[in-house]
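Me: I'm new to this structure and would like a close look at one part of it. Could you pick a single residue, walk me through its surroundings, and then zoom out a bit?

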Amino acid sequence: MATPKVAVVGAGVVGLSTALCIAETCPSCSLTVLSDQFSPNTTSDVAAGMLIPHTYPGTPIRVQKQWFKETFAYLFAISNSAEASEAGIHLISGWQVFKNTPKKELPFWSDIVLGFRPMSKAELQKFPQHQFGQAFTTLKCDCPPYLLWLEKRLKATGVQICTRKVADLWELHSEYNIVVNCAGIGAQQLVGDKKLFPVRGQVLKVHAPWVKNFIRDGDGLTYIYPGIHRVTLGGTREEENWSLSPDPGTTKDIFDRCCSLEPSLRGAQDIKVKVGLRPSRQGVRLEREVLSQGGVKLPVVHNYGHGAGGFSVHRGTAKEAARLVGECIAALQGSSSRAKL
């Protein structure tokens with residue numbers, strides 16, 4: 001067959017990194033990224049971009065661990081390169097603190113982050129309301145720079161990037177041989193996935209350059225994540241809430257909770273409020289499907305539903321999606337050579 005044409009729908013961190021993995025593993029295909037929103041207007045732009053995995057009940061732990069390991073290794077290599085500042089990736093040390101000792105003291109990812117250990121009594125004195133904690137070093141992506149860096153890499157490999165709203169994957173069948181669905185929360189309408197639901201997250205981005213360490217409450221709701229230019233304070237997890245409007249009462253609550261963990265934040269300046277809808281489901285949907293109408297077939301690869309953990313596993317799931325695209329290309333080439341016979 002002629003050069004296979006592949007469209008990736010979605011331009012958040014999952015869509016762009018999936019497109020990059022496809023470009024790297026299937027260089028013979030013609031690749032286009034289609035989205036109605038690009039940075040700085042994606043859900044990924046609101047995310048803190050911390051590599052601390054969220055657990056998906058519907059996905060085996062060994063699979064989640066592999067995704068995280070691949071993502072950590074990929075970003076760690078960038079953080080050790082001359083491109084680290086442009087890509088917005090840096091190492092960051094800090095603490096995860098608990099009011100009560102968790103049942104499982106070692107999370108599944110403890111041997112992938114760097115220097116994971118229980119906090120000392122002296123360290124815990126900083127957090128008088130908490131009785132147990134873990135210290136470790138992980139990676140953080142500053143989101144707009146990282147998305148722009150991914151876009152730049154894609155353009156350098158000849159990938160087309162087009163602003164276009166896709167209402168139905170089938171509308172692409174006459175232009176593309178394979179479609180990759182990385183539409184995030186948009187997949188609920190795009191493919192009618194009733195298992196996908198929004199988890200609203202409201203965060204504050206503040207200027208507080210003296211805060212150098214991350215602090216995360218073990219429940220995952222209150223966190224302080226310093227970036228290169230701003231500190232992200234969070235947060236909320238509101239299931240089935242579609243509102244993108246900031247709530248002033250929530251802003252005050254987040255600020256007060258973060259100040260109770262780090263009192264110096266009372267002096268933070270230039271507070272900006274951001275809201276995003278995390279595309280959540282029991283497990284990431286990462287699989288092949290063939291759509292067909294009237295004898296015409298369209299192979300589709302789905303890679304969406306990463307919820308609060310997208311940045312932690314994005315490269316791992318992108319590699320798997322690219323492998324599935326490779327299988328689709330092989331199947332198409334096999335059927336076209338059989339057709340010639």
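Reply: His-302 is buried, with a relative accessible area of 1%; buried means under 20% on that scale, exposed over 50% and partly exposed in between, using a 1.4 Å probe and protein chains only. Keep in mind that this is a predicted model, where local features need pLDDT of at least 70, side-chain atom pairs count only at pLDDT 80 or more, and totals for chains, interfaces and linings use all residues. Residues are numbered from 1 along each chain as its sequence is written, and side-chain values use heavy atoms, with hydrogens and water left out.

So where does His-302 sit? You'll find His-302 in strand 15, residues 296-304 (strands are DSSP runs of E, at least two residues, and helices are runs of H or I, at least four, numbered from the N terminus). Its side chain has a polar contact of 3.0 Å with the side chain of Asn-181, and another of 3.4 Å with the side chain of Arg-285. A polar contact here is a pair of N or O atoms within 3.5 Å; within protein, one must be able to donate a hydrogen and the other to accept it, and residues adjacent in sequence count only if both atoms are side-chain atoms. Leaving aside neighbours within four places in sequence, His-302 is also in contact (heavy atoms within 4.5 Å) with residues including Leu-169, Val-191 and Glu-287.

Zooming out, UniProt lists residues 5-324 as "domain: FAD dependent oxidoreductase" in an unreviewed entry, and such annotations may be inferred rather than shown by experiment. Over residues 5-324 the chain is 28% helix and 31% strand.
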